Amino acid sequence: MARQERTLLPFRIAPSMVCAHYAHLAKDLRQLEEGGADWLHFDVTDGVFVGNFGISTFEIAQLRKETNLLFDVHLAIVDPDRHVDLFKEAGADLLSIHAEACPQLLYSLERIKAAQMKAGVALSPATPVALIE
């Protein structure tokens, strides 16, 4: 399924679903589409790498059925490699992983690309950019 790219601006509007009301995800999704969102950003946490829990593959898969917007998924989790296929199946288009969570970052990025998703690297605020240079 081709993902929708609506903006002609030199930037993308990618609201984070972390602020969505879980009882009204479909309604919030419609409001975001009507408001001009180009992508949807999902923060996925595991209670270990980040101390709380975020949206899961279940919610992502349900929302994937409702829209063609690009899904930008940020994995703030331990051992993201073992979840790449789950997020692909759920409908992720872009998967960002934390350099701090990947002992072999290049391998992890290649694994994401092999699953036909765009790959990104995230850094925790205290991590120097030199870690990925």
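Patches, as I use the word here, are made of residues with over 30% relative accessible area and no salt bridge, with like charges joined within 9 Å and nonpolar side chains (Val, Leu, Ile, Met, Phe, Trp, Tyr) joined within 5 Å. Areas come from the Shrake-Rupley method with a 1.4 Å probe, and for residues only the protein chains shown count as cover. A salt bridge is a side-chain nitrogen of Lys or Arg within 4 Å of a carboxyl oxygen of Asp or Glu.

**Ground rules.** I am reading a predicted model, where local features need pLDDT of at least 70, side-chain atom pairs count only at pLDDT 80 or more, and totals for chains, interfaces and linings use all residues. Residues are numbered from 1 along each chain as its sequence is written, and side-chain values use heavy atoms, with hydrogens and water left out.

**Patch.** I looked for a nonpolar surface patch and found one of about 320 Å², made by Val121, Val129, Leu131 and Ile132. Ile132 lies in the segment after β4 (118-122); helices (H or I, at least four residues) and strands (E, at least two) are DSSP runs, numbered from the N terminus. Ile132 is partly exposed at 38% relative accessible area (buried is under 20%, exposed over 50%, partly exposed in between; 1.4 Å probe, protein chains only).

**Strand β2.** Next I checked residues 70-76, and seven of the seven are buried. In a regular strand the side chains alternate between the two faces of the sheet. Here Leu70, Asp72, His74 and Ala76 are buried on one side, and Phe71, Val73 and Leu75 on the other.

I then asked which strands pair with β2 (pairing takes at least two DSSP bridges). Strand β1 (residues 39-45) runs parallel to β2 and is joined to it by seven bridges, with His41 opposite Asp72. From β1 the chain passes through helix α2 (residues 57-64) to β2 in a right-handed β-α-β crossover; right-handed means that, with the strands pointing away from the viewer, the path from the first strand over the helix to the second runs clockwise. Four bridges join β2 to β3 (residues 94-98), also in parallel, and Val73 has Leu95 as its partner. The crossover from β2 to β3, through helix α3 (residues 84-90), is right-handed.

**Salt bridges.** I count five. Arg30, Glu33 and Glu66 form a network. Glu33 meets Arg30 at 2.7 Å between the closest N and O atoms; the two are three residues apart in helix α1 (residues 25-34), so about one helical turn separates them. Glu66 meets Arg30 at 3.0 Å, N to O, from the loop between α2 and β2, 36 residues away. Glu33 is buried at 16%, while Arg30 is partly exposed at 32%.
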